[in-house]
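Trainee: I would like to learn how to read a model of this kind feature by feature, with the general idea placed before the particular case. Could we begin with burial and charge?

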Amino acid sequence: MINMYQTNLPPPPIPPRLGSVKSAPGPGHNKPLLGFLIGMIVLQMLLLLGGFAYLYHKENKYDKDFEHKYLDDMIVLRRLGECEKDSQSVLDCEKLVEKYKNIMEKVSQVEGKAVKLTGGVPTYGAMARMIVKQPVVGALPSSNYLEWNIGHSVLRNVQYFKSSWLKVLQPGDYDIYSQVAFSKWHPKAPLASRVKLRKGETGEEKNLMTAYCSLGDQNRTDVCTAFQGGVFSLEPKDQISVWVTDPSLVNYEEGTTTFGLYKL
C-alpha cells in the first residue's frame with residue numbers, strides 16, 4: 001500500500017493573517033518632532049537676546065545713577081585741579097579744598113562700614129606718592145613746608161590736608177621717605193629737609209628725620225639731593241609733612257623732589 005502522507009519537500013509557508021502587515025511611516029510622520037525642536041531653538045535665541053538687552057539696560061542705568069550721584073564730587077575734583085593753574089581766586093580754592101576734604105571723609109566712612117560688615121580690613125593698604133607742586137612765579141612762599149600737586153599724586157587710605165600735610169587713616173608701621181633737590185645756595189643756613197610729625201592739626205610738631213646736602217658755594221650750579229627714609233609706627237589722624245630751609249631754593253624739575261609713604 002502506498003503511504004501518501006510522507007514527503008521530502010518542506011512544508012509551505014504559513015500565509016500572513018489578515019491585517020497583520022504594517023505599512024511604512026509616511027513622510028509627515030516626523031513633522032511634530034521637527035516643529036518642537038525648531039520652537040526650542042527659537043525660544044533659546046529669544047531668551048539670549050532678552051538677557052543681553054537686560055544687561056545693556058542695567059549697565060546704562062548704573063552709569064547714569066553713578067554720574068548723577070557723584071557729579072558734584074567730580075566737578076569739585078576737576079575745579080580743584082584748575083586751582084593749580086591759578087585760574088581761580090584763593091577764596092574759591094580754599095572752599096574747594098574743604099569740599100575735597102568732605103569727599104575724602106565720605107570715602108573713609110564707606111570703607112569703615114565695609115570693614116565692619118566684613119569683619120576684615122580693606123583689600124589694599126595705605127600709601128601715598130606725592131609730586132611737588134610748582135610755585136607761582138614771583139610769589140613768596142607762604143611757609144617752609146613743601147606743597148604737593150594733588151592732581152598728579154597718588155593717595156590711598158591717606159588724606160591730603162591743607163596743601164602740605166598727609167593725614168594717616170590706618171594704624172600700623174609705615175615706610176616714609178622724602179627726596180628734596182636743591183639747586184640754589186643759602187648764605188647763612190645749611191640746605192636741609194625734615195620730615196615732620198604732629199598728632200592732629202593742633203598737635204606739637206617733632207622731627208622724624210633730617211637730611212642735609214651741600215652745593216659748596218653760590219658760584220656752583222650743581223644740584224644736591226637730600227634723601228631720607230625710615231620705618232615709623234603711626235596712628236590714625238597722625239599728620240606728616242616735609243619742611244625745607246627755603247622753598248625758593250628747591251629744584252622743581254619732574255622727579256627730583258618727591259615724598260611718600262606706604263603701610264608695611
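Trainee: Is Asp238 buried or exposed?

Mentor: Keep in mind from the start that this is a predicted model. Burial is judged by relative accessible area, with under 20% taken as buried; Asp238 has a relative accessible area of 2%, and therefore counts as buried. The side chain of Asp238 meets that of Lys199 in a salt bridge, with 3.0 Å from N to O. This pair links distant parts of the chain, since Lys199 belongs to strand β6 (residues 191-199) and Asp238 to strand β9 (residues 238-244), 39 residues apart.

Trainee: How many salt bridges does a search of the whole structure find?

Mentor: The search finds 1 salt bridge.

Trainee: How should I read a pair of aromatic rings, and how many aromatic pairs does the structure hold?

Mentor: A pair of aromatic rings is described by the distance of the centres and the angle of the planes. The structure holds 2 aromatic pairs. In one of them, the rings of Tyr145 and Trp165, the centres are 5.3 Å apart and the planes stand at 40°, so the pair is tilted. Tyr145 lies in the loop between β1 (127-131) and β2, whereas Trp165 lies in strand β4 (residues 165-168), so that distant parts of the chain, 20 residues apart, are linked by this pair. Both Tyr145 and Trp165 are buried.

Trainee: Which charged end sits over the ring of Trp165?

Mentor: That of Arg198 does, at 3.8 Å from the centre of the ring. A second case of a charge over a ring involves Lys196, whose charged end sits over the ring of Trp243, 6.0 Å from the centre.

Trainee: Which way do the side chains of β4 point?

Mentor: In a regular strand the side chains alternate between the two faces of the sheet. In β4, Trp165 and Lys167 point one way while Leu166 and Val168 point the other way, and all of these residues are buried.

Trainee: Which strands pair with β4?

Mentor: Strands of a sheet pair through backbone hydrogen bonds, either parallel or antiparallel. Here β3 and β4 pair in the antiparallel sense over 4 bridges, and Gln159 of that pairing stands opposite Lys167 in β4. The two strands form a hairpin with 3 residues between them, and Lys162 in the turn has a positive phi of about 50°. Strand β4 is also joined to β9 by 2 bridges, and these two strands run antiparallel; the bridge partner of Leu166 in β9 is Ile240.

Trainee: In what order do the 5 strands of the open sheet follow one another?

Mentor: The order is β2-β1-β10-β5-β8, and the pairing is antiparallel. The edge strands are β2 (154-156) and β8 (224-234), each of which pairs on one side only. Neighbouring strands of this sheet are turned by 10° against each other on average, with direction ignored. Within the sheet, β5 (residues 172-182) and β10 (residues 258-263) pair in the antiparallel sense over 6 bridges, and Ser178 has Phe259 in β10 as its bridge partner.

Trainee: You mentioned a positive phi; where is Asn157 placed, and what is its phi?

Mentor: Most residues other than glycine have a negative phi, and most peptide bonds are trans. Asn157 has a phi near 60°, a positive value in a residue other than glycine, and its place is in the loop between β2 and β3 (158-161). At 9% relative accessibility, Asn157 counts as buried. Lys237 also has a positive phi, near 75°, and is placed in the loop between β8 and β9; at 60% relative accessibility, Lys237 counts as exposed.

Trainee: How many helices and strands are there in the chain, and what pattern does the chain follow?

Mentor: There are 2 helices and 10 strands, and along the sequence the chain follows the pattern α-α-β-β-β-β-β-β-β-β-β-β. Buried residues make up 30% of the 264 residues in the chain.

Trainee: Where does UniProt place the feature "transmembrane region"?

Mentor: The UniProt record, an unreviewed entry, places this feature at residues 33-56. In the model, the chain over residues 33-56 is 100% helix and 0% strand, and the end C-alpha atoms are 35 Å apart.

Terms used
Residues numbered from 1 in each chain as written. Predicted model: local features only at pLDDT ≥ 70, side-chain atom pairs only at ≥ 80, totals over all residues. Heavy atoms only, no water. UniProt positions renumbered as here; feature names shortened; annotations may be inferred. Pairing = 2+ DSSP bridges. Axes fitted to C-alpha atoms, helices over the stretch in contact; angles between N-to-C directions. Salt bridge = Lys/Arg side-chain N within 4 Å of Asp/Glu carboxyl O. Buried < 20%, exposed > 50% of the residue type's maximum accessible area, 1.4 Å probe, protein only. Phe/Tyr/Trp six-rings, centres within 6.5 Å; stacked < 30°, edge-to-face > 60°. Lys NZ or Arg CZ within 6 Å of the ring centre and 35° of its normal.
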